[in-house]
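Morning, everyone. I'll take you through one model today, starting with its inside. Please bring up the sequence and the structure.

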Amino acid sequence: MNARLDHRNPLVFDTHELGRRPGALQRLTRSVDAPGDLGIEVIGVPGDATVELDLRLESVMEGVLVTGTARAPLKGECVRCLEPLERELEADFQEMFSYPDADDRSREAESGDDAEDEDMLFLEDGLFDLEPVLRDAVVLALPLQPVCREDCPGLCPDCGARLVDDPDHHHDAVDMRWAALQGLAGSLKGGEKDDMSGAEAGVDEKQEK
């Protein structure tokens with residue numbers, strides 16, 4: 001069961017006007033301040049943003065079926081170049097808010113699944129809280145890897161420069177495997193020179209004798 005709901009909360013909605021007659025419909029629009037921490041680490045809805053809600057409430061036998069769309073601005077950073085980015089989010093959702101006695105009727109009809117019972121949301125004195133539904137819908141609609149543009153080349157792995165600003169950016173780097181071979185070749189050449197010097201010295205000594 002939901003905790004005690006406050007009708008003054010902008011994300012709490014009253015269904016008394018809708019009534020319990022199956023098939024009754026009500027449409028609502030509301031602008032609300034975004035709840036805190038509405039997003040993921042790299043992108044989300046700013047805390048000072050406004051969320052626009054379009055809702056359709058339908059009375060059914062078990063409770064009230066809520067279908068809606070949330071629109072809000074997004075701010076975050078590109079996961080490739082780390083530059084700030086802004087987007088517009090549109091998230092659709094649908095959720096059933098059951099009447100408190102609907103759970104009793106379902107238990108009488110069948111034993112039911114405990115896990116499903118725990119996931120059920122209930123009306124409380126004709127009120128329902130949309131915040132948990134809104135959070136789930138927004139998070140599911142967020143891009144997990146937001147980019148400033150689809151072909152963003154990211155940052156240079158050596159110096160961190162933005163590659164989009166300098167498409168010809170590069171560093172002259174020597175493959176470490178070739179560098180090792182060059183070092184080995186250099187040491188071999190050095191050894192050959194020493195051998196040649198020793199041989200020449202031996203020849204000179206023989207000539208002097």
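First, what I call a cavity. On a 1 Å grid over the protein atoms alone, a cavity is a set of points where a 1.4 Å probe fits but cannot get out, and lining residues have an atom within 4 Å of a point.

Two housekeeping sentences. This is a predicted model, so local features need pLDDT of at least 70, side-chain atom pairs count only at pLDDT 80 or more, and totals for chains, interfaces and linings use all residues. Residues are numbered from 1 along each chain as its sequence is written, and side-chain values use heavy atoms, with hydrogens and water left out.

Leu38, Val45, Val51, Ala70, Arg71, Ala72, Leu89, Leu134 and Val138 line it. Two elements give two or more residues to that lining: strand E6 (63–77) and helix H3 (131–141). Helices here are DSSP runs of H or I, at least four residues, and strands are runs of E, at least two, numbered from the N terminus. E6 gives the most, with three residues. By class, the lining has eight nonpolar, no polar and one charged residues. For that count, Ala, Val, Leu, Ile, Met, Phe, Trp, Tyr, Cys and Pro are nonpolar, Asp, Glu, Lys and Arg are charged, and the others, Gly among them, are polar.

Step back to the whole chain. It has four helices and nine strands. From the N terminus, the order is β-β-β-β-β-β-β-α-α-β-β-α-α. Of the 209 residues, 31% are buried. Buried means under 20% relative accessible area, exposed over 50%, partly exposed in between, with a 1.4 Å probe and protein chains only.

Next, aromatics. Rings of Phe, Tyr and Trp (its six-membered ring) pair if their centres lie within 6.5 Å; planes under 30 degrees apart count as stacked, over 60 as edge-to-face and the rest as tilted. That rule gives two aromatic pairs. Phe13 and Phe128 are stacked, at 5.5 Å centre to centre and 15° between the planes. Phe13 is in strand E1 (residues 12–14) and Phe128 in strand E9 (residues 127–129), so the pair ties together parts 115 residues apart in sequence. How accessible is Phe13, and does it count as buried or exposed? Buried, at 1% relative accessibility. Phe128 is buried too, at 0%. Phe13, Phe97 and Phe128 form one aromatic cluster.

Phe13 also has a charge over its ring. The charged end of Arg30 sits there, 4.0 Å from the centre. The test is NZ of Lys or CZ of Arg within 6 Å of the ring centre and within 35 degrees of the ring normal. Arg20 sits likewise over Tyr99, with its charged end 3.6 Å from the ring centre.

Tyr99 brings us to Val60. Val60 touches Pro22, Met96 and Tyr99, not counting residues up to four places away in sequence; contact means heavy atoms within 4.5 Å. Val60 is in the loop between strand E5 (50–59) and E6.

Last, backbone. Most residues other than glycine have a negative phi. Asp37 has a positive phi of about 55°. Asp37 is exposed, at 76% relative accessibility. Leu82 has a positive phi of about 65°. Leu82 is partly exposed, at 47%.

Conventions: On a 1 Å grid over the protein atoms alone, a cavity is a set of points where a 1.4 Å probe fits but cannot get out, and a pocket is an open set with protein on both sides within 12 Å along at least five of seven lines; lining residues have an atom within 4 Å of a point.
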